[in-house]
Structures are given as structure tokens and as C-alpha cells.
Amino acid sequence: MASSAAAAAAPARAGLAPQNGIFGSNSKPFAGFMLKTAQQVRPLSLRVRGSLASSPRKLFSPKAAAATKSGDGVRIAVLGASGYTGAEIVRILANHPQFQIKVMTADRKAGEQFGSVFPHLISQDLPRLVAVKDADFSGVDAVFCCLPHGTTQEIIKGLPRHLKIVDLSADFRLRDINEYAEWYGHSHRAPELQEEAVYGLTELHRDDIRNARLVANPGCYPTSIQLPLVPLVKAKLIKLTNIIIDAKSGVSGAGRGAKEANLYTEIAESIHAYGITSHRHVPEIEQGLTDAAQSKVTISFTPHLMCMKRGMQSTMYVELASGVTANDLYEHLKSTYEGEEFVKLLDGSSAPHTSHVAGSNYCIMNVYEDRIPGRAIIISVIDNLVKGASGQAVQNLNLMMDLPENMGLQYQPLFP
């Protein structure tokens with residue numbers, strides 16, 4: 001049965017083979033990173049497809065225009081700029097035609113130039129780093145908060161209400177503040193803000209994000225897992241039991257802080273599991289799958305640390321609903337993400353590699369029939385620092401400011 005199903009699946013996918021490289025014929029070369037003026041950017045609006053917006057996006061945004069009268073575009077503050085996600089925000093915004101960085105904070109690096117902290121970005125004309133307590137938000141329209149978990153709630157609570165905020169920490173991802181306290185070890189310090197926070201997995205919550213003031217940017221593992229599983233759960237194509245997820249991440253996912261476990265001699269030529277049965281992304285993943293199923297979903301999730309700088313692969317083992325084939329899963333995901341800019345399915349038996357998405361905002365996935373009858377295997381890859389963090393944060397703020405969702409994000413993956 002397994003071999004006959006696989007044979008039937010092959011012809012169904014044959015016509016889906018990419019014609020112009022890994023992302024298919026709809027992805028045309030486009031030097032988005034060269035754009036500096038509105039006139040140059042204008043072709044970008046042609047690439048915002050129907051599924052990304054209800055009507056074609058214009059480069060002129062009433063929200064962005066209302067945010068500032070300075071002529072500087074949308075004025076940005078980056079809190080926690082000395083970490084990896086903060087640096088990725090700066091790298092991406094270097095080629096964003098509308099977002100201009102005006103404030104950067106880093107308490108331990110206060111007073112330093114950003115180029116001395118991250119020499120690879122020394123070419124950028126950026127403000128000097130300051131402590132959060134010394135930051136002036138009077139000339140700012142929006143904030144990327146890249147501070148550590150547990151520190152963000154009180155800081156965001158003290159920010160001016162006019163600011164649009166994308167928080168990259170875990171502090172506002174869980175709607176249930178009691179569940180947050182259980183998994184993060186302390187009570188929620190801004191429950192009133194939790195009520196207004198919108199979960200920012202862009203492709204799945206686009207309309208809510210567009211109208212939000214505060215967006216909780218998803219975690220990296222939850223992004224790579226929910227993008228394939230949520231549509232399948234919603235469509236009732238897989239069973240809600242026996243969902244097993246084996247995930248692997250590069251070391252940058254652990255942050256930039258000095259930790260003995262992340263020393264070169266601790267991780268080189270090695271792979272190890274961590275957070276076994278207790279990783280803090282578990283309730284976030286289960287929250288999304290439970291919402292999709294409208295009933296409680298519990299998963300088996302084990303993350304692993306890989307000896308590489310960046311990249312993430314999630315391998316998901318699922319049980320098929322009655323009468324459903326692995327090819328049905330593939331076709332449903334293909335249809336769901338057909339018009340999406342950043343989510344792509346490979347053809348045939350090609351396996352996603354983390355190197356296929358390095359430095360980009362893409363998520364690439366594929367579906368395979370398991371040798372065990374009635375089961376399927378799904379593999380997805382992302383760059384944990386881009387689609388898993390800073391790239392998705394920019395994608396979300398673009399929506400919040402009524403700008404083209406892909407603006408500033410059309411970096412193609414770095415390969416080899």
C-alpha cells in the first residue's frame with residue numbers, strides 16, 4: 001500500500017516542479033535591497049499577491065504618513081540592539097526604504113557606537129547606543145523590542161501609548177497568564193497589555209496583526225512547526241494524537257549572552273537534546289494547534305542544539321486522518337501557501353536544507369509518506385534569526401504600518 005500511494009503521489013507533484021530555481025516561477029529576481037526611493041520601490045507593490053492583502057498595496061501608507069511628519073519615513077527604536085535579533089533588525093532595515101532607526105538601546109554597551117559592537121554593520125549611519133532608561137521616544141513611531149524574556153513586560157508597560165510595538169521576546173505570546181507563570185517561573189507583570197497583544201505568526205494572523213498596536217512575535221520553533229501543522233489541523237487532515245516533533249537549531253537561537261553550555265569546546269563536533277519535555281516553546285505550539293483544532297492538542301517535542309551558527313529544521317511525524325494520504329497533506333499545504341511570498345514547498349522527494357534559507361525570511365517545507373502505514377513526515381526549515389525572529393518582526397510591522405508586507409525583506413538566501 002505504501003509503495004502504491006507513493007507512486008500515485010509522484011505524478012500529482014510532477015507538474016509542480018519549480019521552473020526558475022528553488023522558489024518556483026512566481027519568484028522573479030528582484031533587487032529589493034537596492035531600493036532607496038519611492039520611485040524605485042514602486043514595482044514592489046506589484047508583488048504583493050492577493051493572499052497577502054485584500055487589495056493592492058500602495059507605497060503611500062496613511063498609517064505611515066500619520067505616524068510622522070518629519071519626512072524620515074517611519075521612525076524606529078530598537079531596544080536590545082546588542083543581541084543577535086537586534087543586529088538582524090539593523091541589517092534588514094539597512095535596505096528598508098521606509099523604516100529609519102532613530103533610537104538604539106543596549107544597557108551594557110551604552111555610549112558605544114553600534115559599529116564597534118557589530119563591525120559587520122559599521123557602514124551604517126546609526127545613533128549611539130543608550131540605556132533604555134535614557135532613551136527618548138518623543139521622535140519615534142514604532143519599536144522593535146529585542147530584550148530578554150522576563151524583562152520586556154514592565155518596559156513595554158512604560159512606553160508611550162502612541163507607539164506601535166513588535167516584541168521579539170516570549171513575554172506576550174501566551175494568552176493565559178497563569179500558563180505563562182507556570183512555564184516562565186514568575187507572574188505576568190503586564191496582564192492588561194496581554195489582553196491587547198496579538199500573536200504575530202504573519203501568514204496565519206494577518207488581519208489581526210494589521211490592526212494591532214502590540215504584536216507578540218512568535219518563537220523560532222513555533223514558527224517552523226505551526227506553518228505546516230496549523231493548516232493541516234484546521235482541515236482535519238491529521239489526527240490530533242501522536243504528533244511527534246524533532247527539531248534542531250543553530251547556536252544563535254540561544255542568544256548572545258556568554259554561557260558555558262555554548263562554548264566552542266562544549267558544542268563542537270556534537271549534537272545534544274535540551275529542554276526535554278520542558279522547553280518553553282511547547283505551550284506556544286500547543287496554543288496554536290489547539291486554536292486550530294478547537295480542542296486541546298498535546299505534542300511530544302524535543303529540540304536539539306546543532307554545531308552551526310544559524311538555521312532551524314523541524315521534522316514532524318503525524319498520523320493521517322481516515323482516508324487521507326501524504327499527498328493530500330502536500331496538496332493542501334501547496335494550495336494554502338500558493339500566493340505567499342515567504343512560504344514555499346519543494347517538489348517530489350527533495351529535502352529542505354537549512355542552507356536553502358540562510359539569511360532570508362523564507363520557510364521551505366516538504367511532505368513525505370512514512371514507511372509506517374497511515375503516517376506522514378513533514379520537514380520545514382527556516383533561518384531562526386530571520387523568519388524565526390527579526391525578519392518576521394519586520395514583516396509584522398510592515399503590516400501594522402499598512403506597507404507592502406515584503407518591503408525590505410527580499411534578501412535571497414545565502415548559498416553556499
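Two residues are in contact when heavy atoms of theirs lie within 4.5 Å. With that in mind, select Ala181, which touches His186 and Ser187, leaving aside residues up to four places away in sequence. This is a predicted model.

**Stop 1: around Ala181.** Ala181 sits in helix H7, residues 177-184. Is Ala181 buried or exposed, or partly exposed? Its relative accessibility is 27%, so Ala181 counts as partly exposed; the buried class lies under 20% and the exposed class over 50%.

**Stop 2: the whole chain.** Now show everything as a cartoon. The protein chain has 14 helices and 13 strands. It has 416 residues, and 56% of them count as buried. Of the contacts with a separation of 6 or more, 72% are between residues 24 or more positions apart.

**Stop 3: helix H10.** Select residues 220-234, the 15 residues of helix H10. At 1.5 Å a residue H10 should span 21 Å, and its end C-alpha atoms are 21 Å apart, so the two values agree. Where is the kink in H10? A kink of about 45° lies at Gln226, shortly before the proline Pro228. Colour H10 by accessibility next: 14 of its 15 residues are buried, so the helix is largely enclosed by the rest of the structure. Step just past the end of H10 to Lys236, which takes a positive phi of about 60°.

**Stop 4: the largest nonpolar core.** Select Ile76, Phe99, Phe114, Phe144 and Leu397. Of the 46 residues in the largest nonpolar core, these five touch the most other members. Which elements give two or more residues to this core? They are strands E1 (74-79), E2 (99-105) and E3 (142-145), together with helices H4 (84-93), H5 (114-117) and H14 (386-400). The largest share, seven residues, comes from H14.

Not counting residues up to four places away in sequence, Phe99 touches Val74, Ile76, Leu93, Val394, Leu397, Asn398, Met401 and Leu403.

**Stop 5: the second core.** A separate core holds 42 residues, among them Val230, Leu237, Ile243 and Leu345.

Methods. Residues numbered from 1 in each chain as written. Predicted model: local features only at pLDDT ≥ 70, side-chain atom pairs only at ≥ 80, totals over all residues. Heavy atoms only, no water. Helix = DSSP H or I, 4+ residues; strand = E, 2+ residues; numbered from the N terminus. Expected span 1.5 Å × (residues − 1). Bend = angle between axes of the 7 residues up to and from the residue. Buried < 20%, exposed > 50% of the residue type's maximum accessible area, 1.4 Å probe, protein only. Core = buried A, V, L, I, M, F, W, Y, C linked by side-chain atoms within 4.5 Å.
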